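Good morning, colleagues, and thank you for joining. I would ask you to look first at the display, after which I shall walk through several features.

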Amino acid sequence: MAQIDERSVWEKIADQLRSRSMWMLHYCTGCGAVELPPSMTSRFDMERLGMGPMATPRQADIFLITGYLSAKTLRRVIYTYEKMADPKYVIGFGSCTINGGIYYDSYSTINRLDYYIPVDLYIAGCMPRPEAILNAFNTLMKMIRKGEANGWKRYKENYEWYKQNQLRSLKEVIIHDEFHE
Amino acid sequence: MTNSMNKPPVEILEKAKELFNIKIESVADKQYRLISENDKAIPLLSFLKESGYSHLSILTCVDWIEEKKFELVYILFNWSNGVTFLVSTFVDREKPIFYTVKDMWPTAEYYERDVHEFFGVEFEGNERCRLPMILEAWDDLPPLRKDFDPLKFSKEHFPDREYEKDVIHEAKIIRADLEDARGDING
């Protein structure tokens, strides 16, 4: 079996290009969404890194989990993550995605995001400031160029393990929507 | 501002007291708490709705575990004089069944589903109150009851991250053996 970080020459070239044009899925959970407008607009200006917001998961490359995730939101996050096209990268914002943060004892929020979907990069803080977010974007770009951001490959390889964890916490991942069924 | 805005609603409170045998407490300026008996609460609510207190701000619930009661609180607001009434009534905690008000206020259907989901109070006449709304696939005690333990539930369902503690490394940092690593203590 091929190593997970093995890349052909073409993939190396593609990664150089991918790292400079990342589209961010416009999906915000928790309180970290507040930090995105300053990161996007003129003061910190995310677009100079080649990043822009994108409305649909099919066309997006990075998925930002901006804060705590309730079990209900996690179902939507998994659904959205699986809809995104490869390659896809996930950044977890703040302590809530790392270890539950102040919601460690909540009956409805998860404690650890990388148990359910692979996370390429975590930003520590509650909440991380735009400086930290920009730093994280730079780090992610470097990781993509080096071929280290391979969470999407890990998800394929360990799909059974991720699915088992998802089912253990959520019982079912399928989404019921009474208004559209 | 008209004069009627600043007058306390004495007339309606006295009339309600006479008709429905309620206890009245003044909570704050323009806020009154009306404690009603279980079987007179629905007629009281309908009377208040007729008298101008027609806006149901929220229906919520309080768990009094030591008294073995659930308190249902209907918050009614009057748009013409700005007075808020908190109509509360008590139901038995062992058999929490009450009657729906969704025919008076259609929005109450969702408040009742909410209360049913988080406290387990059933509302007779609202057949949709058992449908899940916020918690999906929930099969434990209703989570806002006082005897529900959220930490235990979280430990069972949502695994924690395990940390390895390097005690020797931390001790070295505290003794300042590692000058450079001082900023490293949190990883």
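Let me begin with Lys171(A), which is placed in the segment that follows H7 of chain A. Please bear in mind that this is a predicted model. Lys171(A) is not a glycine, yet its phi is positive, at about 70°. Lys30(B) sits in the loop between S1 and S2 of chain B, and with 17 other C-beta atoms within 10 Å it is partly exposed.

As background, most residues other than glycine have a negative phi, and most peptide bonds are trans. In chain A, the bond from Asp86(A) to Pro87(A) is cis, with omega near -10°. Pro87(A) belongs to the loop between H3 and S4 of chain A. The bond from Cys126(A) to Met127(A) is likewise cis, its omega also near -10°, and Met127(A) lies in the loop between S5 and H5 of chain A.

Which residues have the most contacts inside the largest nonpolar core? They are Ile62(A), Phe63(A), Ile65(A), Ile91(A) and Leu140(A), in a core of 42 residues. Its largest share, 6 residues, comes from H5(A). Leaving aside residues up to four places away in sequence, Phe63(A) touches Leu25(A), Tyr81(A), Met84(A), Lys88(A) and Val90(A). Apart from this core lies another, of 28 residues, including Leu44(B), Leu45(B), Leu72(B) and Phe118(B).

Next, the sheet of chain B. Its 5 strands form an open sheet with mixed pairing, in the order S1-S2-S5-S4-S3. Strands S1 (23-28) and S3 (55-64) of chain B stand at the edges with a single partner strand each, so one side of each has no neighbour in the sheet. From one strand to the next, the twist averages 25°. Strands S2 and S5 of chain B pair in the parallel sense over 6 bridges, and Ser36(B) stands opposite Thr89(B) in S5(B). Helix H3 (residues 108-119) of chain B packs on the sheet, touching S3 and S4 of chain B, and its direction makes about 15° with that of S3(B).

Finally, how many residues does each chain bring to the contact? Chain A brings 18 residues and chain B 15 residues. On the chain A side, helices H4 (94-99) and H7 (159-170) each supply at least two residues. By class, that side has 6 nonpolar, 6 polar and 6 charged residues.

Definitions and conventions: Residues numbered from 1 in each chain as written. Chains lettered and ligands numbered in written order. Predicted model: local features only at pLDDT ≥ 70, side-chain atom pairs only at ≥ 80, totals over all residues. Contact = placed C-beta atoms within 7 Å. Helix = DSSP H or I, 4+ residues; strand = E, 2+ residues; numbered from the N terminus. Nonpolar A, V, L, I, M, F, W, Y, C, P; charged D, E, K, R; others polar. Pairing = 2+ DSSP bridges. Axes fitted to C-alpha atoms, helices over the stretch in contact; angles between N-to-C directions. Core = buried A, V, L, I, M, F, W, Y, C linked by C-beta atoms within 7 Å. Buried ≥ 20, exposed ≤ 12 C-beta atoms within 10 Å, placed from the backbone.
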